[in-house]
Amino acid sequence: MASRAVLPQHHPRGEVKQKNVLGDGRSRRVLQDIGNFVTERAPQGKKPITEVVNAVLAANGNAVGKSGAVKKVAAEQRKVIDKPKPETVIVISSDESDTRKRISGEESSKKSSKTFSSTLTARSKAACGLTNKPKDPVSDIDAADIDNELAVVEYIDDMYKFYKLTESEGRVHDYMDAQPDINAKMRSILVDWLTEVHRKFQLMPETLYLTINIVDRFLAKEIVPRRELQLVGISSMILACKYEEIWAPEVNDFVCISDNAYAREKVLAMEKSILGKLEWHFTVPTPYVFLVRYIKASLPADKEMENMVFFLAELGLMQYPTIILYCPSLLAASAVYAARCTLDKMPYWSETLKHHTGYSEDQLMNCAKMLAKFHSAAAESKLKAVYRKFSSPDRAAVALLAPAESLLPESS
């Protein structure tokens, strides 16, 4: 390695010699400390690169000859500057954080210390039963079906959200004023007879709900004479059977059960007319779709509870005001609520039911009272198809039970 060249420094006459460089360096570092950065001090005995370069340039005669040495010195000094040791960052806590800590400490000490009056208030609330009770947790009603592929647990919640969004498409509004030859009582007689036919053929429960939906939707779009009302019911059930059943009854079976009131050709013509008016749209969420889900959410669920819910729901389907005033999901939820009140299942409406149905107890009260009224009048009614159906032992004879007194007008 080449020896370091010593460069002479010339001071002009009369010029005052510079003050201590290290002292100036300290004062500058004190200012830099304000930014929370401490600069590494230069090693003792070595001058900064700027002083070396200035000294070289000041020497006129030696500046050119000694350029190689100057470059080496500059490179060595630059290495020292470019690769400093890790700088120490001084974190200074602000007065605001200290104040916040002090305030939070005071609040915690206040919270920990209870006054005598607050203790007495808490004791009095506990004695009166006014303490806030925790809400019932929402039960996982699909836990038992996690391994059942047919239960589609992964998609079931999304499916019922979709049903709730699209239920208005299959719902009918008041159409009786547009029917000059039919009234609400005639419709109830037709539904009562269709219930008997449904039971006679031992069809799926979905078929009955879809049949009634098809009848109402067709009557809302087409004026039907009184003599063809039963024909509409027969043709609607044929279509529902083709949609829901594995082995649908034949057309001749329906002609026979209607006492040959209509010829086979006429039944097929009416079936074609219904398909045209409804535009082949039969995939609609009926009350049965919601009943199955809501019964599952009514814990603990048993056969008696299930039969009571279907009994009240079918009583509601027979009455024209029920299907006009209430959507399918609300009718199904009200049937579950009225059934729990009838069987004295406590609580009448749980957090699990509220979560899965989307209805509160107050929203169901009017429809539930209407269903309880139908239950109380079922034994004396002339239309007894639903009453007889649910009075049999295979249906747990739920129709014979007393209606919910809390929902009847006399108790309110």
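Here are some notes on this predicted model, for someone meeting the structure for the first time.

1. Ground rules. This is a predicted model, where local features need pLDDT of at least 70 and side-chain atom pairs count only at pLDDT 80 or more, while totals for chains, interfaces and linings use all residues. Residues are numbered from 1 along each chain as its sequence is written, and side-chain values use heavy atoms, with hydrogens and water left out.

2. Overall make-up. The chain has 19 helices and zero strands; both are DSSP runs numbered from the N terminus, with helices being H or I of at least four residues and strands E of at least two. Of the 412 residues, 37% are buried. Here buried means under 20% relative accessible area, exposed means over 50%, and partly exposed is in between (1.4 Å probe, protein chains only). Take the contacts between residues at least 6 apart in sequence: 78% of them join residues at least 24 apart. A contact is heavy atoms within 4.5 Å.

3. Helix 13. Nine of the 11 residues in helix 13 are buried, including P287, Y288, L291 and R293. Those buried residues pack against helix 7, helix 9, helix 14, helix 16 and helix 17.

4. The nonpolar core. The largest nonpolar core has 93 residues, and L291 is among those with the most contacts inside it, along with I214, V267, V309, F311, V336 and L407. (A nonpolar core is a set of buried Ala, Val, Leu, Ile, Met, Phe, Trp, Tyr and Cys residues joined through side-chain atoms within 4.5 Å.) In soluble globular proteins, nonpolar side chains tend to be buried together.

5. A search of the whole structure turns up 12 salt bridges, each one a side-chain nitrogen of Lys or Arg within 4 Å of a carboxyl oxygen of Asp or Glu. In one of them D145 pairs with K296, with the closest N and O atoms 2.5 Å apart. D145 sits in the loop between helix 6 (116–128) and helix 7 (156–166) and K296 in helix 13 (residues 287–297), so the pair ties together parts 151 residues apart in sequence. K296 counts as partly exposed because its relative accessibility is 26%.

6. D142, D145, D157, R293 and K296 are linked in a network of salt bridges.

7. A bridge between loops. D302 forms a salt bridge with K345, the closest N and O atoms being 3.3 Å apart. D302 is in the loop between helix 13 and helix 14 (303–318), and K345 is in the loop between helix 16 and helix 17 (351–357), 43 residues apart. D302 is partly exposed at 32% relative accessibility, while K345 is buried at 17%.

8. The cavity. On a 1 Å grid over the protein atoms alone, a cavity is a set of points where a 1.4 Å probe fits but cannot get out, a pocket is an open set with protein on both sides within 12 Å along at least five of seven lines, and lining residues have an atom within 4 Å of a point. Grid points are joined across faces, edges and corners, and a volume is the space filled by probe spheres set on the points. The cavity is lined by 17 residues, of which N213, P287, L317, I323 and P328 lie nearest its centre. Helix 9 gives the largest share of that lining, five residues.

9. The second largest pocket. This pocket has a volume of about 600 Å³. Its lining has 24 residues, with Y160, Y163, Y288, V289 and V292 nearest the centre. Helix 7 supplies the largest share, six residues, and helix 7, helix 9, helix 10 (229–244) and helix 13 each supply at least two.
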